[in-house]
Amino acid sequence: MTKQTFSSFEEFWPYYVAMHSKAATRWVHLAGTLTGLAVTGYGLARGRLRYAAALPVIGYGTAWPAHFLIEKNNPATFGHPAWSLRGDVRMITAMLAGRDAELADTAAKWLAEHGTGDGED
């Protein structure tokens, strides 16, 4: 698949979700992000500023392998870092609100219209 270009986050969003089409990928992202937030929060509460690095290290350290091993694609972060961060927050918020099925539907629709997403970016 060729590199995708987008003119807005709202245009990017369905693509982002499609790059997380498998529930396992989304749940690995959620677990990594929440673990990173917990470690960061703990560290900051204890006055250990170096723990602030836990969020990106743990978050991305768990999320990126999920793309290679589960989705068989490249993380959208590689081509769209700012929108990917925003997308991750929106995706995790939807999951915590019990809307994972909505994400699966969005992914399936985008993939049906655009292809499988293999080899993204």
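**Entry 1: helices H2 and H3**

At what angle do helix H2 (residues 23-45) and helix H3 (residues 54-71) pack, and how far apart are their axes? I looked this up in a predicted model. The angle is about 170 degrees, and the axes lie 7 Å apart. Angles over 145 degrees count as roughly antiparallel, and H2 and H3 are therefore roughly antiparallel to each other. I recorded their crossing as right-handed.

I then noted which residues form this contact. From H2 they include Ala24, Val28, Gly32, Thr33, Gly36 and Thr40. From H3 they include Leu55, Ile58, Gly59, Thr62, Ala66 and Ile70. By class, the residues of the contact divide into 10 nonpolar, 10 polar and 1 charged.

**Entry 2: helices H1 and H4**

Next I examined helix H1 (residues 9-18) and helix H4 (81-96). Their axes come within 10 Å and cross at roughly 65 degrees. That makes H1 roughly perpendicular to H4. The crossing of H1 past H4 is right-handed.

On the H1 side, I listed Phe9, Glu10, Phe12, Trp13 and Tyr16. These meet Trp83, Ser84, Arg86, Gly87, Asp88, Arg90 and Met91 of H4. I sorted this contact into 6 nonpolar, 2 polar and 4 charged residues.

**Entry 3: helices H2 and H5**

How are H2 and helix H5 (residues 100-114) oriented to each other? I found that their axes come within 11 Å and cross at roughly 125 degrees. H2 and H5 are therefore oblique to each other. H2 passes H5 in a right-handed crossing.

In this contact, Ala23, Arg26 and Trp27 of H2 meet Asp100, Leu103 and Ala104 of H5. I counted 4 nonpolar and 2 charged residues here, and no polar ones.

**Entry 4: the largest pocket**

What is the volume of the largest pocket? I recorded a value of about 300 Å³. The pocket is lined by 20 residues, of which Thr33, Leu55, Tyr60, Leu85 and Asp88 are the closest to its centre.

Which helix gives the largest share of the lining? It is H3, with 7 residues. H2, H3 and H4 each supply at least two residues of the lining. The lining comprises 12 nonpolar, 7 polar and 1 charged residues.

Finally, I compared this list with my earlier entries. Thr33 and Leu55, listed near the pocket centre, also take part in the contact between H2 and H3. Asp88, likewise among the residues closest to the centre, belongs to the contact of H4 with H1.

Terms used: Residues are numbered from 1 along each chain as its sequence is written. This is a predicted model: local features need pLDDT of at least 70, side-chain atom pairs count only at pLDDT 80 or more; totals for chains, interfaces and linings use all residues. Side-chain values use heavy atoms; hydrogens and water are left out. Axes are lines fitted to C-alpha atoms, for helices over the stretch in contact, and angles run from 0 to 180 degrees between N-to-C directions. Helices (H or I, at least four residues) and strands (E, at least two) are DSSP runs, numbered from the N terminus. Angles under 35 degrees count as roughly parallel, over 145 as roughly antiparallel, 65 to 115 as roughly perpendicular and the rest as oblique. A crossing is left-handed if the near helix is turned anticlockwise from the far one by less than a right angle, and right-handed if clockwise. Contact means heavy atoms within 4.5 Å. Ala, Val, Leu, Ile, Met, Phe, Trp, Tyr, Cys and Pro count as nonpolar, Asp, Glu, Lys and Arg as charged, and the others, Gly among them, as polar. On a 1 Å grid over the protein atoms alone, a cavity is a set of points where a 1.4 Å probe fits but cannot get out, and a pocket is an open set with protein on both sides within 12 Å along at least five of seven lines; lining residues have an atom within 4 Å of a point. Grid points are joined across faces, edges and corners, and a volume is the space filled by probe spheres set on the points.
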